[in-house]
Amino acid sequence: MPGPRNKPKRKLKVKKERTPPPSASQIHTVVPEAVPAGGPCLTLLVNEDTLCWRTATQGATRCNIHHGQFRILYRRYTDAAGIVDKMNKDRLLPTHEEIMGYTDWRAALEKGRLVRQYIDAVRVETEGRHLHAGRFGLEVDEAHRARIRFLLLEMINAQDTLARLHTCAYELYIPTIPCAHEIVESTGGPSFPLHICPPRPMEELVAVSETDTRVWEVLRKERRPLVRAPETGNEDLIEILLAERKHALLTEFSLFMDPECKTIREETDSPCEAATEAVVETIQLCYQQIARRVIFHEPTLFMKSLDKTSLDDFFQSSDFDVEDAIRLIDLLTELIGYTLKWCKDAVADTLILSREDGDATPTRNNTEDRLRLLGGYILKPTPMTNETWWYLLTLTNPPNDMEHRFVQLCQNFDDLITLLSFCALDLIPSPAFCGNQPGPYDPSISRKHLSLCGVAVADMVSPRPTNADGLVPTWGRAKKRDYVVWSEQETRAHLFAAIKNESDEFTDAFIRELAARPDLFQVIIRSETDPDQVVEIFGESPGEELASMRVRTFEAPPPAPTLNPPPKGEGEWTVKRSALDLLHGTSRDTRGYLTVFRLNPKWLFRFKTFPVKYLLVLDAIPNRDHSHLARNLAWAALCARGYGEGEYTLEKYTKAGDKAVNERAEECFGWMPIEWTWTLPFMDEQLEDSEPTELAFD
């Protein structure tokens with residue numbers, strides 16, 4: 001019967017105590033038995049695959065050279081293991097709460113030096129154990145593996161603690177420097193911008209720092225062995241490996257330390273031969289200034305740079321370890337991403353400092369507008385100039401579809417048009433939405449001319465080709481005898497752009513040009529300073545909604561076998577997608593430019609910080625490619641700027657477009673010395689080798 005006396009007996013669960021990681025003294029090294037004299041040396045060479053070719057000495061398993069190396073190796077990593085165990089037992093690493101309680105940056109840095117000693121000891125023991133196991137026959141048992149796991153976790157924890165200490169010291173130190181706080185705030189802080197992934201997690205940073213792939217690549221490139229000098233038996237293999245690791249990473253910084261600028265000379269496309277030397281020299285100075293900017297904004301790197309006199313001194317110092325090198329490499333590879341604002345400021349700094357008196361600059365200390373750092377200066381941000389834009393785009397050499405990242409550097413609409421003008425002058429490839437249509441009617445040409453005139457085009461879309469375009473008979477049953485049901489669909493190409501929000505001569509003239517041609521354009525204008533949902537619409541037919549896609553059905557005689565024209569459509573239209581849906585749509589099939597599409601990572605206006613007038617322009621003639629709409633819109637912009645007049649022809653358009661290119665180039669490149677030359681995208685040159693067929697653009 002059930003009852004309290006009949007309950008089955010249960011075994012008591014005993015909580016197992018966590019086994020602590022073995023200390024270094026608990027791990028015993030198994031030494032292979034001695035072999036008689038004349039036997040082979042049992043040490044593996046650097047590749048950890050080939051046995052040493054020398055003969056083992058009497059009573060030992062290794063030759064004299066490897067026996068000497070092993071003694072040094074074993075002593076180094078066992079001494080380091082003692083330091084690790086002692087510091088771990090004494091709990092000398094500060095907690096997060098203790099770090100947050102520091103009020104003096106010097107105290108935080110002093111604690112950081114203690115943590116650095118712990119990191120060095122963990123690193124030496126880790127590498128020593130790996131070398132012992134990989135080359136000198138250490139038996140890899142469970143105790144050894146447990147110790148390696150323990151060291152890995154301690155390295156991650158110590159590196160994270162050191163980063164927190166440096167960040168704390170950085171935040172306490174920056175307010176004490178004139179103008180430094182303004183420089184930090186001007187770039188939005190270390191979390192800006194949001195479209196780039198955050199720095200590596202500490203686990204990944206430690207894992208990458210312990211790999212030697214880069215070491216072997218550099219050794220193979222330099223055609224030399226790991227040990228540069230002949231082996232004598234007195235080599236410290238741990239020190240050699242760590243030094244080679246750092247040397248391999250320092251090769252990544254050759255741009256900053258190469259006086260001959262070989263890499264820059266090979267990769268830089270100068271305007272002409274006369275400009276090569278000046279451009280190469282300036283770009284190298286820009287790279288050095290970029291390094292200073294990155295170091296300034298990265299707390300760990302900045303706090304380690306305080307007592308260094310130059311970039312070379314910083315890179316070669318013992319404070320600059322492998323993790324620091326990886327941090328710096330990660331940041332320097334994000335020149336058009338996470339560090340773009342720093343890169344822009346560095347280019348501006350370089351151009352300003354290069355024009356100052358060289359004799360006076362080195363003696364200057366920190367002032368209200370500059371901070372002395374690593375043999376140079378960090379200046380307060382300055383407005384973008386045409387020269388800054390040119391060097392920035394030349395240095396970064398961005399691929400297509402990267403214009404949106406540079407928009408964050410624009411303070412107003414004029415800056416945006418300047419950026420797009422440099423793009424139009426072939427410093428950045430045209431975006432993919434223009435489509436690949438080589439020839440004089442290429443939409444990318446039309447977009448370039450729109451940019452030069454002052455229209456920022458963010459998207460062009462053609463109707464999707466379907467079997468239902470235009471007039472087609474259907475299988476529907478007609479009410480009239482001998483009739484069939486016809487379906488008619490109209491889908492219009494559209495273009496989304498922005499113009500200056502404030503009224504000016506070009507903006508007003510351009511809007512008048514669009515309003516005067518309802519046979520070509522159907523337009524919606526939306527100003528960001530107007531109340532929500534307030535738009536201006538023109539170009540629609542009386543009594544009809546402005547539609548991006550609409551359909552209707554009607555009854556008519558069936559298609560004749562001869563070449564008779566199809567029947568004329570009749571009846572009411574059903575709007576499937578309105579023009580306003582293109583602005584405010586939220587459905588899966590209709591992503592509004594001002595709702596869903598603005599969250600697209602490559603949206604041109606995603607990082608815009610100033611108001612504009614948005615233009616949504618539909619082709620008044622349905623079911624044709626967007627190249628027609630783009631060309632008609634570009635011609636309207638050229639006419640509004642005064643470069644052309646009257647109806648469109650290819651000849652008139654070519655002359656007007658080349659005028660715009662030449663005039664804007666004189667403005668953008670006016671800072672260049674007179675002996676410099678440049679190549680411009682003139683349409684006349686494209687038409688010389690081809691005989692294009694005139695398209696109907698009216």
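Two cysteines illustrate the point. The sulfur of Cys-41 has its closest cysteine sulfur in Cys-63, and at 3.8 Å this is too far for a bond. Cys-41 itself is buried, with a relative accessible area of 0%; here buried means under 20% relative accessible area, exposed over 50%, and partly exposed in between (1.4 Å probe, protein chains only). For Cys-343, the closest cysteine sulfur belongs to Cys-286, and the 7.8 Å between the two sulfurs is again too far for a bond. Cys-343 also counts as buried, at 1% relative accessibility.

The model is predicted, so local features need pLDDT of at least 70 and side-chain atom pairs count only at pLDDT 80 or more, while totals for chains, interfaces and linings use all residues. Residues are numbered from 1 along each chain as its sequence is written, and side-chain values use heavy atoms, with hydrogens and water left out.

Turning to the chain as a whole, the protein chain holds 24 helices and eleven strands, both being DSSP runs numbered from the N terminus (helices H or I, at least four residues; strands E, at least two). Of its 698 residues, 51% are buried. The accessible surface is about 36,100 Å², and carbon and sulfur atoms account for 51% of that area, as computed by the Shrake-Rupley method with a 1.4 Å probe, where for residues only the protein chains shown count as cover. Among contacts (heavy atoms within 4.5 Å) with a separation of 6 or more, 72% join residues 24 or more positions apart.

Aromatic side chains come next. The whole structure contains 24 aromatic pairs. In one of them, the rings of Phe-296 and Phe-302 have centres 5.5 Å apart and planes at 85 degrees, so the pair is edge-to-face. Rings of Phe, Tyr and Trp (its six-membered ring) pair if their centres lie within 6.5 Å, with planes under 30 degrees apart counted as stacked, over 60 as edge-to-face and the rest as tilted. Both partners are buried: Phe-296 at 0% relative accessibility and Phe-302 at 2%. Ring pairs also link these two phenylalanines with Trp-105, Tyr-170 and Tyr-173 into a cluster.

Charged groups meet rings as well. The charged end of Arg-370 sits over the ring of Tyr-377, 5.3 Å from its centre, and Arg-631 lies over the face of Tyr-653, 4.1 Å from the ring centre. A charge sits over a ring if NZ of Lys or CZ of Arg is within 6 Å of the ring centre and within 35 degrees of the ring normal.

Key:
A disulfide is a pair of cysteine sulfur atoms within 2.5 Å.
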